[in-house]
Amino acid sequence: MEEMKITSMQNPRVKAVVTLQQKSAERRRTGLFVVEGKRELEHCVRMGLEVKEVFVCREIAGEVEAQTNTLEVSKEVYEKMAYRGSTEGVMAVVKSQERKLEDLRLSQNPLIVVVERVEKPGNLGAILRSADAAGADAVVVCNALTDLWNPNLIRSSIGAVFTVPCVVCSSEECIAFLKARGIQILTAQLQDSELYYNTDMKCGTAIVMGTESTGLTEVWRKAADAHIRIPMLGRLDSLNVSVSAAVLLFEAVRQRGGSQG
């Protein structure tokens, strides 16, 4: 660990971290993002991502094993850089990795979650968390309105963005990929749909969801092998998209005997 402790808010490294936290354009330009928390950083390392710098606040984290790329910062500086309120005093700048559809290693009967134009990073993070819990093969984000390395997304996924293979592409690219591999497309929608638990999900399946406000675009409705819905017994006509994803994912797990792979 470097001997000098960073105590100035004006330090260029501190300013760079703050900018990465706040601006998606800077994350895209540099190919870097920030990870906060020991567990999230461990998942990140296991994924094989390159860690550029680690920042440690000993007043919060206590003793941390020193590495050549580890820098100590004061509590005030750490709080300035941190996006989250409590992250154990550890954060890192990491090189992002772009994964393509062709890079996905799918199981014999894959279970894939596809989301189109989901805006809120927190929703996408929660979907990734459910996908991890259900043992899904991948999450595909079509026509993305948020980047995968948004700090809110990383926080809400509690690191699942590093444990679940995730790809960003267009809807057309995703449909072609699924069709070429014989993976059935189930679109979650209210119109012309069957109850989800009456639909066979034991074969290779992609569960496709859109935004709560506008739903899926027509290209997905036409490409679908079946349309499915969750029964709504109250006065409202929709669930939060991340809740819907969890319900549908675990129906697939139930049909497949309670385990994936």
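Predicted model: local features only at pLDDT ≥ 70, side-chain atom pairs only at ≥ 80, totals over all residues.

Visitor: OK, what order do the strands of the open sheet have?
Guide: The seven strands of this open sheet follow the order S7-S6-S5-S10-S8-S11-S9, and their pairing is parallel.

Visitor: And which ones are the edge strands?
Guide: Those are strand S7, residues 166-169, and strand S9, residues 194-195, each of which pairs on one side only.

Visitor: How many bridges join S8 to S10?
Guide: Four bridges join strand S8 (residues 184-188) to strand S10 (residues 205-209), and the two run parallel; in this pairing, threonine 187 stands opposite valine 208 in S10.

Visitor: Which strands does helix H9 lie across?
Guide: Helix H9, residues 171-180, lies across S5, S6, S7, S8 and S10, and runs at about 160° to S5, while helix H6, residues 121-133, lies across S5, S6 and S7 at about 175° to S5.

Visitor: Switching topic, how many aromatic pairs does a search of the whole structure find?
Guide: The search finds four. In one of them, the ring centres of phenylalanine 33 and tryptophan 149 are 4.3 Å apart with planes at 15°, so this pair is stacked.

Visitor: Where in the chain do those two sit?
Guide: Phenylalanine 33 is in strand S1 and tryptophan 149 is in the loop between S6 and helix H7, 116 residues apart.

Visitor: Are they buried or exposed?
Guide: Both phenylalanine 33 and tryptophan 149 are buried, and together with Phe162 they form one aromatic cluster.

Conventions. Residues numbered from 1 in each chain as written. Heavy atoms only, no water. Pairing = 2+ DSSP bridges. Contact = heavy atoms within 4.5 Å. Axes fitted to C-alpha atoms, helices over the stretch in contact; angles between N-to-C directions. Phe/Tyr/Trp six-rings, centres within 6.5 Å; stacked < 30°, edge-to-face > 60°. Buried < 20%, exposed > 50% of the residue type's maximum accessible area, 1.4 Å probe, protein only.
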